[in-house]
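User: Please examine the aromatic contacts in the following entry.
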Amino acid sequence: MTGGSFAINPSINKVSYDPVQSFKPVMLTGVSYFAFVVSAKVRANTLQEFIAAAKARPGEFNYASIGNGSVQHLTMEVFKREAGINLTHIPYKTSGTAITDLAGGVVDAMIVSPPQVVELEKAGRLRILALLAPTREEPIPNVPSVVELGFPGAVVMGWSAMLVPASTPSEIVQKLSKDMNAVRELPEMQKAMRERRGSSDLGGGSPERLANLIHSDLKRWKTVVTEGNIKAD
């Protein structure tokens, strides 16, 4: 079992495997999307207002992540390029500490998973300005997606998946995929996954779907890391 960092690590760290040749994809087991969030102290009620403020004061706004080379770091780098803004990166060691400082106004912005901050937004301690997804999603249906705001290139999908060693016979890969998809279709599983992920896309599909996603992400993150000269902690 692995996640989206599987497609980031080869561009950031020395790995002892080939992400394509060493494994066979089985199934995408889950999908989630990130949100662009700002502290309540930031004078911006919409994403457009934040972008305008950041362009007027380049480099003055900062953002937190859970470390150099993390998916939150690279996702914000994607958004910065799409929006044409310059923000200062402040890496943290843990998500909890970063979110606490965001809610306290120590840092200005962050890329987070929506369920992590919904209650903080309700308490008025931060604002969720956009979802980095193709469409609006639960649990924040009133928050616009970056696509409807004019930034389709800022869509970033978090994911989890099952892989097996490359030596696994194809018939076993196909049976695993078929059986896992069958379990995924059970009503109770659909309900549990939707409540946990807050996304209309619950994963599933063929091994080819996962293979295409891995290829796409490997290429995307390599470009982001290279162009941004990003190094791991």
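Analyst: Buried means under 20% relative accessible area, exposed over 50%, and partly exposed in between, with a 1.4 Å probe and protein chains only. This is a predicted model, in which local features need pLDDT of at least 70, side-chain atom pairs count only at pLDDT 80 or more, and totals for chains, interfaces and linings use all residues. Residues are numbered from 1 along each chain as its sequence is written, and side-chain values use heavy atoms, without hydrogens and water.

User: Which geometry do the rings of Phe6 and Phe23 adopt?
Analyst: Their centres are 5.6 Å apart. The planes meet at 80°, so the pair is edge-to-face.

User: Is Phe6 buried or exposed?
Analyst: The relative accessibility of Phe6 is 5%. Phe6 therefore counts as buried.

User: What is the relative accessible area of Phe23?
Analyst: Phe23 belongs to the partly exposed class. Its relative accessible area is 25%.

User: What is the angle between the planes of Phe36 and Phe79?
Analyst: Phe36 and Phe79 are both buried. Their rings form a tilted aromatic pair, 4.8 Å centre to centre. The angle between the planes is 40°.

User: Which residues form one aromatic cluster?
Analyst: Phe36 and Phe79 belong to this cluster.

How values were computed. Rings of Phe, Tyr and Trp (its six-membered ring) pair if their centres lie within 6.5 Å; planes under 30 degrees apart count as stacked, over 60 as edge-to-face and the rest as tilted.
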